[in-house]
Amino acid sequence: MKKTTEENQFEFRNLGKRIKELRIANGLTQNQVAEALHVTPGYISNVENERTAMSLRVLSYYAKLTGITLDSLVGKVEPEYEETALDNELMEALQSLSTDEKKKILKTIKIWKK
């Protein structure tokens with residue numbers, strides 16, 4: 001289903017928030033992100049606070065830095081990439097779990113596959 005212009009604008013209005021959430025989830029500081037992307041920490045702060053927008057080049061580097069696809073970062077996943085984006089999102093979620101939690105999830109998956 002095609003999204004309306006309003007729905008796409010809503011996603012982009014919340015992009016700064018999404019960028020900040022991903023940075024925090026990955027345990028990165030604004031300084032670390034700025035260094036990795038070859039920008040200033042002030043630029044990252046402005047992006048996170050919706051005062052400026054990242055260029056497509058920087059968005060693609062940020063997606064790579066945080067381990068997600070660019071489509072997933074901006075909130076639009078093309079059908080042919082949906083499975084890959086889902087795999088990346090699962091991997092991201094698993095990385096933050098403890099070893100015991102990972103073992104429980106693996107047991108659950110094995111039960112589902114039976």
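Modeller: Let's start with the crossing: α3 goes past α4 in a right-handed sense. Keep in mind that this is a predicted model. On the α3 side, the contact uses Gln30, Asn31, Val33, Ala34 and Leu37, while α4 brings in Pro41, Ile44, Ser45 and Glu48. Sort the residues of that α3–α4 contact by type and you get 5 nonpolar, 3 polar and 1 charged. As for the geometry, the two axes, those of α3 and α4, come within 8 Å and cross at roughly 110 degrees. Angles of 65 to 115 degrees count as roughly perpendicular, so α3 is roughly perpendicular to α4.

Now for the loops. Between α3 (30–37) and α4 (41–48) there's a loop, and His38 lies in it. His38 isn't a glycine, yet its phi is positive, at about 60 degrees. That's worth a glance because most residues other than glycine have a negative phi. His38 also has 74% relative accessibility, and exposed means over 50%, so His38 counts as exposed.

Go on past α4 and there's another case: Glu50, found in the loop between α4 and α5 (56–66). Glu50 has a positive phi too, near 65 degrees, and again the residue is something other than glycine. Its accessibility is another matter: Glu50 has a relative value of 39%, which falls between the 20% and 50% cut-offs, so Glu50 counts as partly exposed.

Methods:
Residues numbered from 1 in each chain as written. Predicted model: local features only at pLDDT ≥ 70, side-chain atom pairs only at ≥ 80, totals over all residues. Heavy atoms only, no water. Helix = DSSP H or I, 4+ residues; strand = E, 2+ residues; numbered from the N terminus. Buried < 20%, exposed > 50% of the residue type's maximum accessible area, 1.4 Å probe, protein only. Axes fitted to C-alpha atoms, helices over the stretch in contact; angles between N-to-C directions. Parallel < 35°, antiparallel > 145°, perpendicular 65-115°, else oblique. Left-handed = near helix turned anticlockwise from the far one by under 90°. Contact = heavy atoms within 4.5 Å. Nonpolar A, V, L, I, M, F, W, Y, C, P; charged D, E, K, R; others polar.
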